[in-house]
Amino acid sequence: MGGVHPEENKISTNAVIEKFPVPAQMTVLMNQHLGAPATPIVAKGDKVKVGQLIGEAQAFMCANVHSPVSGTVKDITAVKDPFGMMKPAIVIDVEGDEWMETIDRTPDIKRECNLDSKEVIAKLKEMGIVGLGGATFPAHIKYAVPEGKKAEYLIINAVECEPYLTSDHRVMLEHAEEICIGIDILRGALNVPHAYIGIENNKPEPIAHMQKVAAQFGGRLIVEPLKVKYPQGAEKQLINAITGRCVPSGKLPIDVGCVVSNVGTTFAVYEAIQKNKPLIENILTVTGKKLPSQHNYQVRIGTTYSDIIKHSIGELPATTGKVISGGPMMGKAMCNLDAPTVKGASSVLVIDEGEAVRAQESNCIRCGKCMMACPMGLEPYLFSALVRNDRFEEAGANNILDCIECGCCFFSCPANKPLLDEIRLGKNKMRAILAAKKK
Amino acid sequence: MKLLNVSGSPHVHSDESTKKIMWRVNLALVPALLVAIAYFGLNALLVSIVSVAACVLFQWLIEKFIMKQPTTNIWDGSAVITGLLLAFNVPATCEMVWIVAIGALVAIGIGKMSFGGLGKNPFNPALVGRVFMLISFPVQMTTWPVPAAKAFSFSADAVTGATPLGILKEGGAEALPQAWELIVGHMGGSMGEVSALAILIGAIYLLIRKVITWHIPVAFIGTAFLMSLICGACGMAPEGVNAGYYAVQQILMGGIMLGACFMATDMVTSPMSKSGQLIFGVGCGLLTIIIRNWGSYPEGVSFAILLMNAVTPLINRGFKPKRFAK
């Protein structure tokens, strides 16, 4: 149900993943994940190596942070993130590129894994693995299935339904074997018989390649080509497409026996478990219609966006209107390009002036396109009217909190109403009302 | 340094606009307009031009001097739709030229702008204008020129005759149009409603361009057909006409085709959800046949749609789209 077909614009598909050079200075944010920030465990002047633990997860919902470079800790401070929010951070002056001895840097692929479920989860925690699909949910919490619940399906999200983004596409072409080993390890940790890899039909190359590699895993890994429709990669929609199950309102995937991970995460899992390498690098797409060149990079997490732009394209085109972290449907527009990348960063998307400015809003003509586009079967037009009139509880009664913020409503609105802005406002107000009622 | 734009997602748009939707509807009305001109001559063209011009002019005047702010782009085509539909709902006689201008003022002024302009009106503006004219100018509004009697002339004394629905209401069967005349619309009636074929061509275009969905037209026409079939079987058909043919006559004569395809489907005044649209269509069909058979007017499409417009907010409340995982 619902969904839209935005222009795919996957123009960086053929750009092979390049190693991004290590910059002269690194800023490592302490909260790169969903939950509480990690606590710095190094002091000013300390020498650190690549892969050394520098931020420790002390809260429950938290993830370890490792140094992506070697050098001297210059400062422990707070810096502005790409969206202008102050975040605790460790600044490191880079000296050489000296890695921790525990990390296996050989190019060989290590296939055997003898760890049991508990050991895998402990390792995920130690290596600071978080979900790389966008939500950056700490992996060791996701894979520790709570008492009384049972995992039946492991689903790997390789849909990449967002326009422009190609990092998952590239990683599947270039690291299929590592990914499949990573998936098999997670499958074993969950103790489920099969893992399903969902890929949209518009990526025939990765589908064919992954099918070929997955075939070596004795039928445990199944590649599922999926219909092309945004948001096919949204968690609830993906689970529904693969298992036919529906995650009810307010419930989690595990409530219907599913665990979903992004394909990029599984590559990080392989490196963490088999190579002892913490999550210090990720794959980032640099793309935009007006850019002189398109890139996919393996970047040390903590490289600033301005460094990435400078190295890849020199400077932003004069007609740049917007720079987005993530895809054009759900990504966030950045206001501070001097900020460092974080674990969940998947792209630098440069949008031209013409597309960057919203068209003038006009009256709702009640065409119902927002409703037809909504993958959750909600009524965005109604939320818009209710929120504008401060009727938040009524919006709540119409299930505003079920909204997954995919943006299909605003995308398809002929009157250019900022439907998702209003829904976000309504959701925040509704959450505040619910929290106040609980007290 | 140039500042970057920052806004919430999504950052791309489908390129769909109100203006595009409205002009598509106008384009879909062109076949029926051409048929009207072919059958009723230049009178039809003149009435259409006056009606459209008056609607656009009144909207512009009201925005400029009363509301003191534009509600929509005047060229977004919505006033043109109202103008065309208003013209389609009147007989193509030359005295309609000035009456339709008054109708346009009521349609745009009361039907649309008094509620705040496009998107805010609870009732279909063209039907508000039409019903006003029907009640205020009953004689002129029911003097029907006979097709092609005086094609391509501005003659004041064009041959007039009753509409087939009027004949049916009086119980006469012999003067009714032939089957082929029903399909191509060679019969008396409002200028835009006569040709089912021309209307269907426009409706199919709108379906393909996804401006409308099938729910309202199918529910409307289907209900009217079924109910006429029942009425026909219960002896309400004129002598010598079987129930099936009577039901076909009922949906092809009068305004059901035009109403079901172009007026009941007006997105502003019809329900949002598919289930709601089905209810709306069924309601329109039932009310139309009830008014035709038991009301004092021979035709009931306008009243039926306006009545269903009135309950649309209620339908929207009761008939929600199917939610995920429900």
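A compact globule of 326 residues would have a radius of gyration near 20 Å, and chain B, at 20 Å, agrees with that; the radius is taken over C-alpha atoms, and the globule rule is 2.2 Å times the number of residues to the power 0.38. The C-alpha trace of chain B spans about 85 × 55 × 30 Å along its principal axes.

A word on conventions. Residues are numbered from 1 along each chain as its sequence is written, while chains are lettered from A and ligands numbered from 1 in the order in which they are written. Because the model is predicted, local features need pLDDT of at least 70 and side-chain atom pairs count only at pLDDT 80 or more, whereas totals for chains, interfaces and linings use all residues.

Chain B has 14 helices and 2 strands. Both are DSSP runs numbered from the N terminus: helices are H or I with at least four residues, strands are E with at least two.

Consider now two of the helices, α5(B), residues 125-136, and α14(B), residues 301-318. Their axes come within 10 Å and cross at roughly 130°; axes are lines fitted to C-alpha atoms, for helices over the stretch in contact, and angles run from 0 to 180 degrees between N-to-C directions. The two helices are therefore oblique to each other, the term for angles left over once those under 35 degrees count as roughly parallel, over 145 as roughly antiparallel and 65 to 115 as roughly perpendicular.

Which residues meet there? From α5(B) come Leu127(B), Arg130(B) and Val131(B), and from α14(B) Ser302(B), Ile305(B) and Leu306(B). Contact requires C-beta atoms, placed from the backbone, within 7 Å. By class, this contact divides into 4 nonpolar, 1 polar and 1 charged. Here Ala, Val, Leu, Ile, Met, Phe, Trp, Tyr, Cys and Pro count as nonpolar, Asp, Glu, Lys and Arg as charged, and the others, Gly among them, as polar.

I turn to the interface. On chain A, 50 residues are in contact with 31 residues of chain B. The side of chain A that touches chain B has 30 nonpolar, 10 polar and 10 charged residues. β15(A) gives the most to that side, with 4 residues.

Finally, chain A holds an open sheet of 3 strands in the order β3-β5-β6, with antiparallel pairing; strands pair if DSSP finds at least two bridges between them. β3(A) and β6(A) stand at the edges, each with a single partner strand, so one side of each lacks a neighbour in the sheet. Between β3(A) and β5(A) there are 2 bridges, and Thr39(A) stands opposite Glu56(A) in β5(A).

Notes: Two residues are in contact if their C-beta atoms, placed from the backbone, lie within 7 Å.
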